[in-house]
Structure formats: structure tokens, C-alpha cells
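Subject: Two-chain model, handover and findings

Hi,

Here is the model we talked about. Please open it beside this email and follow along.

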Amino acid sequence: MSEPVYVGLDLGASRTKVVIIDSGKRLIGHAVKKTGTDFAATALSCLEASLKMAGKSREDIAHAVSTGYGRANVSFITEESKTEIGCIAKGCHHYFPEAITIIDIGGQDNKIIKVDRDGRRSSFKMNRKCAAGTGAFLEEMAVRLDIPLEELDQLARQSEDMVKLGSYCTVFSATEVLENIRHGRKLPDIVKGLFYSVIKRVLEMDSRTHKVVMTGGVVANNPYIVEMAEELLGEPVLLPEFPQLAGAIGAALYALDNKK
Amino acid sequence: MAEEKKIIRKKIQATDQMNKIMADYFYDLNEASTTGSRKVAWCTSVGPAELLRAMGFAVHFPENHAAMLGATRMSTDLIPEANAIGYSPDICSYLTADIGSYITGKTPLAMAFEGIKSVPRPDVLVYNTNQCRDVQDWFSWYSKELGVPSIGVTSPKNLTDVTDAHIDDVTRQIEALVPQLEEISGERLDMERLRETVALSRECTELWKQVLETATARPAPLTFFDGTIHMGPAVVLRGTRQAVDYYKVLLAELERRIEDGVGAVEDEAIRIYWEGMPVWGRLRQHSELFSNLRANVLASTYCSSWIFQAFDAKDPFRSMARAYLELFIVRSDEYKEKYIREMLEKFDIDGIIYHDAKTCPCNSNSRYGMPQRLEAETGIPSLVISGDLNDLRCVSDEQTKTNVEAFIEQIEEGE
């Protein structure tokens, strides 16, 4: 067995993320795949891809921790799990060891997590039942507008006269979008309106007490959302190197801490 | 967290005895209703039950029935029936579940108790709006449907201090019910019997308080989830000897647990306060969720709301008025926060969970900044979970689980 490694598996509602770190907390392998319906198969596939990237094998894994909605579905890899809230906090504190307010925009839910300078969580909030402001909302809208998800960011940047969407209900927002299409509003203006709506819904969940760190797949895939958030907040936003991997990195750090 | 080992929850031995007296209560009501041997009054949970009982009525509590609809998970199928006739999914899901139950003729009473076919038919409906306006709307619907009078007390609300003026008001309203009730029952009010009933309610309340306060022990011998079940007699049988006798038995069992160092949750590590209604259709799941995390939800506003220390046999009407006004739900946020602060200290609490019940604004105290204020004052962390008392369409089990697990992690890591 070569140098041991530590694995974090984040089985999110939308995407599965796996990372490998070494004992020096360096990120040496990672993979992201659509979660789909077979959590275990996707996790395994991501794990193999991450190990390959790290030049490691299953035998090198000293410990692994799972997180995310499917955290209990990978007991064949690890029986230790942590919530994504704990893992995102740990992952972000690793990159920014100071008091921070984390805004995570995930596929299924949003979270605002407050962490003190010692890395302890002081509070967290998740979005309520409604999907407005989550990745699921953007996915739904992309389908309705017949635009590939990966084109949203570029389209939003082309906007000259953003459409304002007022509702915090996904169904009502969809109706507002249809109304704007009917009135001949341009697609980039509608998409920027969707981005703006996502940020507003997230920011209204809680107050911000410290420097803001943003994470999650929506942030990773749509950097324009971060720029818009900075404009709204009137301050720069901190981003870890891989915003989508924050939870998985946190899980891997727990694996390192809790190694047998 | 997320321990694989299932923690054992201890069963309360007195449960069988409670089930027996609850069954006797429902059969007694059924007999009154089906034979006409006694008049039947429906009463809101903190309505003037003492008066009704003293006047010989068999007393049915629709809120108790609604909670049974929730606990049996029948409510989510029945609520839409009431929604369809104009009672919004956003209003009290006790009301909508109970009306849905009437419309469809489905009741857990018929399933649990052989020979009982339906909820007892009322001769009079008696409300107290100290909890909310919905109870009056609820009884108003039945009043029209069944052609029976709906009478009651319209209570002052949001009180920081309960003053003589408030008590005068409610006392007069309760007294004004007497002639109407005498006409319906055909009996004159016997003041001696009222005093006896109030005295029994006081005795019941003292014992129930002692039962709940056993949870100050570490480990606590009971959980909030036990409390929601064992409060049954305090709700439907207050003012009777049966309730008093039952709580003596329950208290003795819990005191034995304390002596033996037995906790309701094995290896209790975290102590939680529950603010708000239970999610009736998820009692077992929530109980297991917490106990598997070695957390005990051991004290609550809800179960403590059936402690009425004002009852005084020497002054029945005024003391009833005071008791119904001193209730937590009738009070201002200033009073409520002081009350919760004292509870946190008394029960040595590590964290508070607020249940924001979609259809029950009066029991959802997280909506006007209370969690933030109390957290700032006490340093005790809090979590708000979205859900509902009876409408499981408003409940996300996965979100609840993730929130609770993350909250317990936060408390553990902060220690």
C-alpha cells in the first residue's frame, strides 16, 4: 500500500462529487457526475475516476466519509456519514480559516451557514419547501426556455435590460417568464432575470455577518451569478478553487480527522 | 452522528392503563350520544370543560379527534375534502381534517373501538378563542351542518400581564354561558359540583406538571413524544378522578426510572426543547430520529400547555377565567420569551427546535424573530423546521432529517 488517501463522497440530489485528498490535505483527485437514480453506481464510478486521477487504488483509501442526500446509500464504501451542512462548513473553513457566511446553491436546496473563525458552526438555514432559488429552478426554466443548461451563463451576460421576476414560487415564476416571452422580451434579459431571482431568494433567507463564501454547482457552472451577487452585496465574494466540491472536500477532511 | 446502532427507546409501562381509561372515556361518550342518556358537548381544548362536566355533559374534544386523525395519518387524505368545499389548505389542518372526517364518515374511533361507529353527535358546541379564531370557525361549520348552537368565549389575546380587567371580561363570558347550557342540559348548575370539578382539574394539572418536570433529571425519564401521548387524559379527562389516578401511576413509574438512573433515550447526550406543535403523523419517526442521535427532546411548550395552576375550587369562575387566560398561546412574545428562557434553564437545554407549522400560525413562534432574540440572549442554538401538525403534504422528511442531524452535529461540535 502506498501513501494513504482520504475520500469524501458527496451524493447530492443533482450531482455526485467525489474527492481524494492526501494526508497533507492536498486535493489529488476528483470527479463529478449526474447522480441519476442509482446512487451507489454513480458514487462508485466517481470514486474510480477520482482514484485514477490521483494515481491511487481502493487499497490506498485509509478512510472515507459520505455526505449529501444519498449519504446512507454507500455503506459498501463507508459507514461514516456527515450532513452536507457540516461538510460544506468544514470544506470552506479549510480554504478560508476565518469567520465566514457560506451561501451554498445546490441542485435541490440552498443553505446559508455561519462559521466562526475556529471553524465552529454558529447557525445554518436551508431553504423552505419551495424550489425557487435552487439549481432545480434553473434546470426547470432551462427546459421551459429550451436552452441547454450550460448556455445560461453566456446568455445572461448578453442582457441589456434585465427582466424582473417577483415571485418566490417556481410555478408563479414560470408564469411570469411565459408572460415576458409573450411580450417579446429577449431571452438574455429573461435568463439574467432568472439569475437575479435565484440570488434574491437565497439572500433573503438569512442575514450575512461575515465575509461571504459561495459554493455549490450553480455557482461553479454560472460564474456570472457570483458577479451579480457581488454587485448586490456591494462586496467581493470568496470562492474556493472548486466551489462544487466544497462538501466533498469537507467530507474528506472529516475522513482524515477521524481515521482509525 | 448518523450512528448505525439503533438506540433503544424505553416503553412506559403505564401506557396500557392509559389506553384503558381513554377507551372507557370514548365508550362513555358513545353511550351518551347513541342512547341519549346524557347531553353531549363539544369543547375546544382549553374551553370551559370544567363547567360542562359539572353540568353533566359528556364532553368531546374535536382537537383530540383531529390529533388522532393526524397520528393515524388519515388526515392527509381527509383534508382535501374540506379544501374542496372552500376551507383553504392554508388554515388549521385540525379543522380541515376533522371536517373531512365528518364528510367522509371516516374516524379512527371506529377503527380503534369496536362498536363505535362515529364521533358523538353534539347537543351544543362550546369554544374558547384563546387559542385561535379557527376553533370558532370550526364549530360554526358544525353548528350549521348539525343544527346545534355554537356558543363560547371570545378571548383577549397577546397578553403580557393577565389583569383583573381581562379576568372580569372572561369570567362574565363564562357565567353568561350558564343559562344557555342549563336550558340545553335541563339541569341547574350545582356550584358544589363545579367546585369539585375544578378541584380535580387542579389536582390533575399539578400531577401532570410533576410528570413533565421529571424530565429535569439527567438522563430524563421521558420524551416529548411520550408526553404528546400521555397528555391524553389531561386533555380529555381533566376534572375527573380517572385522570388524577392515572397521573399518580405514571408519576410513580417515572420517579422509579430516575431512582434507577434509567433514561427514556439510552445514553442521552443532548437535551432539546421543542417549541410548537408535534407533527402527529411523524411521532415515531421523529422520536427515532432524535434517539438514534442520542438526543432527547425532553421538554416542550406544547405538553406544558395543559398546566393550569390558577384553578381554585374556592373561586371557580374567576379561577377558570384566569387559567384559560394564563395559557402560553394567549400571551405576548415578551411573556413567551421569558417563559421559554425559564424552561431552558430548568431543563438544562442544549438546543431549541421550533416547528413552523404551515397551518398553525398561533403555535408557530418562529415567525416574528423569537429564535434570533432568544439565541442572542441565551446563547442556546436554535433550528426552525418547516412542517405541519396534520397535513403531511407540508412535510419534507428528508429536509427534516438533514436539518436535525446537522443541528445535533453543530451542538456536539460546539461543546
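Below are the ground rules, then the two chains, their contact and a few local features.

**Ground rules**

This is a predicted model, so local features need pLDDT of at least 70 and side-chain atom pairs count only at pLDDT 80 or more, while totals for chains, interfaces and linings use all residues. Residues are numbered from 1 along each chain as its sequence is written, and chains are lettered from A and ligands numbered from 1 in the order in which they are written.

**Chain A**

Chain A has nine helices and eight strands. Helices (H or I, at least four residues) and strands (E, at least two) are DSSP runs, numbered from the N terminus. The C-alpha trace spans about 65 × 35 × 30 Å along its principal axes.

Buried residues make up 49% of the 260 in chain A. Buried means that 20 or more other C-beta atoms lie within 10 Å of the residue's own; exposed means 12 or fewer, and partly exposed is in between, with C-beta atoms placed from the backbone. Of the contacts in chain A with a separation of 6 or more, 68% are between residues 24 or more positions apart. Two residues are in contact if their C-beta atoms, placed from the backbone, lie within 7 Å.

Seven residues from domain 1 of chain A and nine residues from domain 2 of chain A form the contact. On the domain 1 side, four residues are nonpolar, two polar and one charged. For these classes, Ala, Val, Leu, Ile, Met, Phe, Trp, Tyr, Cys and Pro count as nonpolar, Asp, Glu, Lys and Arg as charged, and the others, Gly among them, as polar.

**Chain B**

Chain B has 18 helices and eight strands. Its C-alpha trace spans about 65 × 45 × 40 Å along the principal axes. A compact globule of 415 residues would have a radius of gyration near 22 Å, and the 21 Å of chain B agrees. Of the 415 residues, 54% are buried. Among contacts in chain B between residues at least 6 apart in sequence, 78% join residues at least 24 apart.

One helix pair to look at is α4 (residues 75-84) and α5 (residues 93-104) of chain B. They pack at an angle of about 85 degrees, with their axes 7 Å apart. That makes α4(B) roughly perpendicular to α5(B). The word covers 65 to 115 degrees; under 35 is roughly parallel, over 145 roughly antiparallel, and the rest oblique. Axes are lines fitted to C-alpha atoms, for helices over the stretch in contact, and angles run from 0 to 180 degrees between N-to-C directions. The residues of this contact divide into six nonpolar, seven polar and one charged. Among them are Leu78(B) and Ile79(B) in α4(B), and Ala97(B) and Ile99(B) in α5(B).

**Where the chains meet**

In the interface, 16 residues of chain B are in contact with 14 residues of chain A. Helix α18 (residues 397-414) gives the most to the chain B side, with ten residues. That side divides into four nonpolar, seven polar and five charged residues.

**Local features in chain B**

Most residues other than glycine have a negative phi, and most peptide bonds are trans.

- Arg218(B) and Pro219(B) are joined by a cis peptide bond, with omega about 5 degrees. Pro219(B) is in the loop between α9 (191-213) and α10 (224-230).
- Asn158(B) has a positive phi of about 55 degrees. It sits in the loop between β4 (150-153) and α8 (164-185). Asn158(B) is exposed, with 12 other C-beta atoms within 10 Å.
- Asp267(B) has a positive phi near 60 degrees. Its loop runs between α12 (241-260) and β5 (270-275). Asp267(B) is partly exposed, with 13 C-beta neighbours inside 10 Å.

Best wishes

Note on methods. Rg over C-alpha atoms; globule rule 2.2 N^0.38 Å.
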